[in-house]
Amino acid sequence: LEELEPATRIRIEQYGYVLISRAKHVFDLHEAGFVDSHTLQASGISRLRNSIKKYKVIAEHWENVKALFSPEFQQRVDSEIEFR
């Protein structure tokens, strides 16, 4: 991570935030009853989980920003990371 240029790290973190925001949006729609569990998993949670597990920068970014999100969303993402 230390070898990344600052601009590259920022771009990766921005991509991570887009993934997090998308997953949160789909999560909220699911909680409100507008999206089924399959759509929640396929449209947001799995892509975020896979990126967190694959890219250390995104994993660190999640740890740094997750306090900005509801405890329910944090718990869902963290349980996905641990489970898979």
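Hi everyone. Before anything else, one definition: a helix here is a DSSP run of H or I at least four residues long, and helices are numbered from the N terminus. Please keep in mind that this is a predicted model.

Let's start with helix α1, which covers residues 6–31, 26 residues in total. From first C-alpha to last, α1 reaches 37 Å, close to the 38 Å expected at 1.5 Å a residue. Just after α1 comes Gly-33, with a positive phi of about 90°. Which residues of α1 are buried? They are Gly-16, Leu-19, Ile-20, Ala-23, Lys-24, Val-26 and Phe-27.

In soluble globular proteins, nonpolar side chains tend to be buried together. In our model the largest nonpolar core has 16 residues, and those touching the most other members are Ile-20, Leu-48, Trp-62, Phe-73 and Val-77. Each of α1, α2 (37–54), α3 (56–65) and α4 supplies at least two residues of this core, and the largest share, 5 residues, comes from α1.

Have a look at Trp-62 on your screens. Leaving aside neighbours within four places in sequence, Trp-62 is in contact with Ile-20, Ile-52, Phe-69, Phe-73, Gln-74, Val-77, Asp-78 and Ile-81.

Now, how do α2 and α3 meet? Their axes come within 5 Å and cross at roughly 115°. An angle of 65 to 115 degrees counts as roughly perpendicular, so α2 is roughly perpendicular to α3. On the α2 side the contact is made by Ser-51, Ile-52 and Lys-54, and on the α3 side by Lys-56, Ile-58, Ala-59 and, once again, Trp-62.

Arg-49 sits in helix α2. Is Arg-49 buried or exposed? Buried means under 20% relative accessible area, so Arg-49, at 9%, counts as buried. Its side chain is joined to that of Asn-50 by a polar contact of 3.2 Å. Arg-49 and Tyr-15 are 34 residues apart in sequence, and their C-alpha atoms are 13 Å apart in space.

The other one is Gln-74, found in helix α4, residues 71–83. Gln-74 has a relative accessible area of 19%, so this residue is buried too. Where does its side chain go? It reaches the backbone oxygen of Phe-69, at 2.7 Å. With neighbours within four places in sequence left aside, Gln-74 is in contact with Trp-62, Lys-66, Ala-67 and Phe-69.

Notes. Residues numbered from 1 in each chain as written. Predicted model: local features only at pLDDT ≥ 70, side-chain atom pairs only at ≥ 80, totals over all residues. Heavy atoms only, no water. Buried < 20%, exposed > 50% of the residue type's maximum accessible area, 1.4 Å probe, protein only. Polar contact = N/O pair within 3.5 Å; in protein donor to acceptor, adjacent residues only side chain to side chain. Contact = heavy atoms within 4.5 Å. Expected span 1.5 Å × (residues − 1). Core = buried A, V, L, I, M, F, W, Y, C linked by side-chain atoms within 4.5 Å. Axes fitted to C-alpha atoms, helices over the stretch in contact; angles between N-to-C directions. Parallel < 35°, antiparallel > 145°, perpendicular 65-115°, else oblique.
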